[in-house]
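Thanks for coming, everyone. Please look at the structure on the screen, and then we'll walk through it.

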Amino acid sequence: MAKTSGTVDAVKEYLTDLVVPHHRCNVNIIPDHITMLHGTKSKKQLSRKRRAHKSNTLTRKQYAELGLNTLPRKQLRYEQMLPLHKLWRGYIREHLELEEGDEVPQLHEKRYDEFSKQLVKMDFHGAKLRVLQSKCQTLVGLNGICVMDTKNVLKLLGEDHVVRTVPKSECVFGLNVGNMEFTIFGQHLTMRPAERSVKKIKNYVEPFM
Amino acid sequence: MSQNNNSNNNKCKRKILTQRHACSRMNFLYQAANLMAHSNNNTLAAYYGKLCRNVGTKTLMHMSPALKRTLCKRCSLPLLPGVNTTLQVDKKPEEETSLDVEKEKTPIKRSRRRKAKSKPVEAASIDQQTKLHLECSLCQAKRRFQLNTNNECWVESPAAIVQTITVSKQSAEERPEL
């Protein structure tokens, strides 16, 4: 209370000013009855709270500022990515449970459904893809190793060391695994890559074009 | 892998099979991240590391803690001391400022044991209180270690392994070596 005596005096003065002038001498304010309310929290409290909540992760903005969402167009070398492709070949063997000389299951076979579901769930990083058909004529015939996979776009690194961005929804992609050849409608790949391994996939989907 | 599955009981088999694809995918992504880090391509390495982590969260799977710690906490770049980062001695204790020379001082640290080069250890200059830090070359986040090995992580202690064996025997434990 002693600290705030200045403010108490100010309150007293303010209150007496409100009273009609000829009654002012009767006003008796007991200082103990005045309680000061604090408008804001003290600085100490605030800072402690903020420190407790300080998160250690990068925000999306910081992530983008570090340049992690973009790839340099011409700095990647095709030869650098060949080990990745090799790794991917091993992965796809494991993922589709393939052995040497396996054939693609026919439509009437039992494991066809399961197989095609797994095909959509696979990871494309490191796959050698080529564009078979597209609504955009200039994209047809592009090929390269897929280095980045986002919701709507694939980034292919061509043999001429240039990263090209190919929209998924307009294209039909082809890819080879051993002696097998797959055609993938890009329309059905339009999900974020992390979600793709969880998402339920329809049994029957319509091709486009 | 299939043989291992058959040897387990039926219930366990089904449980593993549902997660198998996500597991192999995470395995692949982790390896890809390491590969990119080795070929000095930090952007892609962080991207694959992040994706590996995201697949884990989406499919409700856990990476084994030793592997999880090799990724940067902030940007998921695989931190490989000697390849894209250097392990340094903290400078705070003043009398030991000359210790920077011994950057590859890792053998004492558990989780880094396999990557450390075997250099002669000058044990006199480093005591239990010395702290090491590892700075991420991409986002400048720091990880600190203490040389004091008395702190055992529960997951790494032999008592905990008994429980984890049944779930992650086949596929999850295949990741470590690259």
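How many bridges join strand β2 (residues 131-135) of chain B to β3(B)? Five, and the two strands run antiparallel. Strands here are DSSP E runs of at least two residues, helices are H or I runs of at least four, and both are numbered from the N terminus. Strands pair if DSSP finds at least two bridges between them. Within this pair, His133(B) stands opposite Arg144(B) in β3(B).

A word on the source. This is a predicted model: local features need pLDDT of at least 70, side-chain atom pairs count only at pLDDT 80 or more, and totals for chains, interfaces and linings use all residues. Residues are numbered from 1 along each chain as its sequence is written, with chains lettered from A and ligands numbered from 1 in the order written.

Back to chain B. Its open sheet has three strands in the order β1-β2-β3, paired antiparallel. The edge strands, β1 (87-89) and β3 (142-146) of chain B, each pair on one side only.

Now confidence. pLDDT is the predictor's confidence in each residue, from 0 to 100. Chain A averages 80, and 84% of the residues score at least 70.

Next, the contact. Residues touch if their C-beta atoms, placed from the backbone, lie within 7 Å. Chain A brings 26 residues and chain B brings 26 residues. On the chain A side, α4(A) gives the most, with seven residues.

Last, α4(A) itself. The helix has 18 residues. Glu97(A) follows α4(A), with a positive phi near 55°.

Conventions. Two residues are in contact if their C-beta atoms, placed from the backbone, lie within 7 Å. The expected span of a helix is 1.5 Å times one less than its number of residues.
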